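Visitor: I have a structure open and would like to go through it. Can you take my questions as they come?

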Amino acid sequence: MKPIRLTARGYRSFDVLDYAFVDGATAVTGANGAGKSTLIGAVEVALFGPRSRSLEPLVREGNGEMQITLEFQHAGEFYRVRRGWKKGKSTLDLERLDLADLHGVPDAPSQTWAALTQGNAAVSQELIEQIIGLSRSTFLASCYLAQRESDTFTGAQPRDRKRILSDALALDQWQTDCDKVGADRLAFERQVTEISSKAGALAERARQAGPLTLEAGDLRLAVDVEAALAADAALAAETNAQRAHELDQADTAWKIATATVAAARAADTAHREKLSAAQVARERLDGQATDLVRLDGLDKERADLLVTRDLLTAQDAARTEAKRRRTELASKADSLAESLSRAATITTSQAAEHLRLTNTLATIEDGTINHCDRCQQPLPDEARAAAAGSLRRELAEHTAAIARHDDDVRDVEQRFAAAQDAARTITIPDPPEGLADVDARLAQLERVPVEIATVRERIAGLDAQVAAADTDEYRERARLLSYELAEAELQLSAIEAPAPGAADTARAAALQAKTQADAHAARARAASERLAAVTALLEQAQTALVDHQAAELERDRLHAELDILTRLEQAFGRDGIPAWIVESQALPQIENEANRILSRLGGAISRVELRTERETKTGKVNEALDIVCLTDDGERALETFSGGEQSRAEIALALGLVDVLQSRRDTDLRYLALDEPSGLDSQGTEALAEILRERAAGTVVLLASHDASLRDQFDQSIVVERGPSGSRVAA
Ligand SMILES: Nc1ncnc2c1ncn2[C@@H]1O[C@H](COP(=O)(O)OP(=O)(O)OP(=O)(O)O)[C@@H](O)[C@H]1O
Ligand SMILES: [Mg+2]
């Protein structure tokens with residue numbers, strides 16, 4: 001880190017500050033309170049912030065805000081830190097100069113700053129310290145000896161000194177590396193454990209190769225034997241099955257031949273039976289012909305009887321008709337007689353009525369009757385005349401009616417006489433004789449036509465039977481059937497009937513052989529499957545053997561790596577390289593430089609020594625960094641020396657520390673500021689100025705003092721003045 005430019009507004013005694021640092025040793029002089037410490041301390045404030053929690057105490061009195069900006073160079077890059085305070089709010093910005101804008105462009109008109117952090121001040125602060133490789137305490141103990149604080153290193157606790165030294169030497173990196181290597185070592189240890197157990201398991205599997213090889217041999221043999229046995233049994237099964245099949249076929253052929261003989265015999269027998277049946281039919285035909293003659297006679301008698309019965313029936317019907325006619329005429333005559341009887345009665349009553357009417361008329365006409373018959377009232381003459389008229393008309397009508405009745409009576413009398421005459425003319429014939437006998441005989445002969453038809457039919461059947469058995473075809477058929485029978489019997493005699501159960505026996509033998517073949521095949525299969533499994537296991541065991549060897553090689557390799565890592569962890573660990581750096585490098589370097597400077601500054605302390613380990617009363621070794629001062633009289637603690645003597649030692653040790661820091665490759669520390677180191681006499685101050693001048697090449701070295709004569713000892717100087725508008729820097 002090398003500061004380039006510092007600007008500020010409203011910062012402590014400065015209203016405005018703009019200071020460009022220059023390489024080389026610069027004396028910063030000015031009166032008390034002029035603002036020297038403010039100027040130099042601004043670098044610490046810019047880089048690390050205020051020591052108190054807030055920037056507020058640093059705000060120039062009367063100002064409402066403050067801004068401080070430090071541009072610095074580090075490892076070839078330019079950075080800018082800006083801190084501000086306004087209305088209780090602090091800001092922090094870290095930026096890097098975009099060099100691409102500047103390269104090849106002399107007097108670039110504008111600079112471009114790229115923000116590195118935003119927002120979170122703690123992160124920005126961490127980044128700043130990471131970039132410059134310095135913490136505040138290292139900064140204060142080495143390159144900035146603040147006013148009245150030059151004992152930051154010497155006055156610190158031994159443990160803190162160790163930490164400052166560790167910071168200065170960036171020993172944390174070793175611890176980080178150590179942790180990393182430790183993690184790697186643990187991972188390797190785990191791998192070693194894993195590979196060891198894997199190797200153990202593989203060895204165990206590999207050991208199985210021997211027994212598996214033996215078992216595989218046995219199994220191969222078993223597979224071959226069982227397969228051969230299975231093949232034999234299968235052949236036996238096939239042979240027996242074939243034999244059973246042949247026996248079945250022979251049995252079927254014998255059965256067919258037997259059935260053929262039986263069928264031929266049956267057909268022949270049936271044919272012969274038909275022949276004898278024809279013979280019987282021929283014999284029966286004669287009987288049937290006799291029957292037919294007898295029946296024909298009966299049928300003729302029956303026909304004659306039918307004619308006779310028709311005749312007798314007609315006679316009987318005529319007799320019945322005559323009887324009916326006579327009865328009918330008698331009944332008609334009876335009816336007419338009754339009519340005549342009723343007519344006689346009517347004639348009598350008509351005569352009586354006629355008499356009554358005649359008498360009545362006479363009484364009316366002669367006046368005997370002079371009142372009404374019905375009402376018994378006296379009748380006037382007119383009424384008697386009317387009644388007489390009416391009676392006369394009635395009498396006339398009655399007389400006509402009597403005449404008509406007499407005509408009717410005469411007609412009836414004629415018809416009665418005619419009926420009686422007709423009845424007398426009718427003769428009733430005698431009933432016919434023998435009709436019942438004829439009917440009885442006809443009843444006996446009733447079925448004769450049917451019997452004739454039956455006999456005729458039978459004769460036709462017997463005729464056909466006889467005729468059929470008497471043809472050439474029939475005879476040829478008989479010859480053929482007897483030939484077929486003979487042939488079938490010949491064939492049957494040629495076939496040997498198989499022994500009963502022979503086929504079943506062969507079948508059972510085939511089944512048994514098949515079962516045995518299956519059992520052998522199953523055993524062969526099982527042995528084969530086991531062989532496959534054993535072969536796979538064997539391959540695994542052989543692979544395991546190879547893997548085991550590889551695992552052992554890998555384990556050896558890991559062991560070797562682990563050894564390296566273990567050694568690296570020890571080397572990176574606290575007692576390793578860091579201890580070596582501290583003990584063998586840094587401390588001798590600091591001591592040498594400090595003692596070199598001490599010898600030039602002069603004083604009672606001739607040498608300082610830094611001791612790292614201190615044994616406690618209990619025998620424990622404490623991590624510490626003690627400073628021991630040696631004089632011509634012996635060694636003493638630093639605090640026992642005078643202020644000036646202590647100041648010399650402090651300056652010497654600080655410069656020794658800076659030396660170590662500057663020799664660290666990553667720090668690029670090119671800044672050294674001493675603010676009024678106290679207690680130096682003029683000779684000491686002169687020596688210090690000389691020492692600083694020697695270190696100033698390419699470095700910004702500032703020495704602040706209110707002693708204006710100091711300016712003479714430096715090539716360049718600035719004066720800080722305090723005016724009414726605040727401090728200002730003058731050349
Ligand atoms: N916040 C502030 N506002 C205004 N002035 C301040 C503020 N803080 C400090 N000062 C003043 O700034 C002045 C400069 O102080 P500084 O310590 O820089 O002086 P100096 O030049 O180093 O003096 P010395 O030689 O005594 O060490 C002092 O007078 C101090 O009181
Ligand atoms: Mg001061």
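Visitor: Fine. What kind of model is this?

Guide: This is a predicted model.

Visitor: How many helices and strands does the chain have?

Guide: The secondary structure comes to 14 helices and 15 strands.

Visitor: And is the chain spread out or compact?

Guide: Its radius of gyration is 86 Å, while the globule rule gives 27 Å for 731 residues, so the chain is more spread out than a compact globule. Along the principal axes, the C-alpha atoms fill a box of roughly 225 × 140 × 65 Å.

Visitor: How much of the chain counts as buried?

Guide: That applies to 24% of the 731 residues.

Visitor: What domains is the chain divided into?

Guide: Domain 1 covers 2–133 + 666–730, and domain 2 covers 161–166 + 574–665. Domain 3 is made of 192–207 + 502–572, and domain 4 is 284–443.

Visitor: What separates the centres of domain 1 and domain 3?

Guide: A separation of 77 Å, taken over C-alpha atoms.

Visitor: Back to contacts. What share comes from residues 24 or more positions apart?

Guide: They account for 78% of the contacts in the chain with a separation of 6 or more.

Visitor: Now strands. Which way do strand 3 and strand 14 pair?

Guide: Strand 3 (residues 24–29) pairs with strand 14 (residues 716–723) in the parallel sense, over four bridges. Ala-27 is opposite Ser-717 of strand 14 there.

Visitor: What about strand 14 and strand 15?

Guide: Those two run antiparallel and are joined by five bridges, with strand 15 spanning residues 726–730. Glu-721 has Arg-728 in strand 15 as its bridge partner. The hairpin between strand 14 and strand 15 passes through two residues.

Visitor: And at the other end, how are strand 1 and strand 2 joined?

Guide: Strand 1 (residues 2–11) and strand 2 (residues 14–20) are antiparallel, with six bridges. Arg-5 is bridged to Ala-20 in strand 2. Their hairpin has two residues between the strands, and Arg-12 takes a positive phi near 45 degrees in it.

Visitor: Change of topic: which residues come nearest to ligand 1?

Guide: Ser-13, Asn-32, Gly-33, Ser-37 and Thr-38 do, out of 15 residues around ligand 1.

Visitor: Which element gives the most to that shell?

Guide: Helix 1 (residues 36–48) does, with three residues.

Visitor: Last one. What is the shell around ligand 1 like by class?

Guide: Nine of its residues are polar, four are charged and two are nonpolar.

Conventions
Residues numbered from 1 in each chain as written. Chains lettered and ligands numbered in written order. Predicted model: local features only at pLDDT ≥ 70, side-chain atom pairs only at ≥ 80, totals over all residues. Near = placed C-beta within 6 Å. Nonpolar A, V, L, I, M, F, W, Y, C, P; charged D, E, K, R; others polar. Domains from an automatic or database assignment. Rg over C-alpha atoms; globule rule 2.2 N^0.38 Å. Buried ≥ 20, exposed ≤ 12 C-beta atoms within 10 Å, placed from the backbone. Contact = placed C-beta atoms within 7 Å. Pairing = 2+ DSSP bridges.
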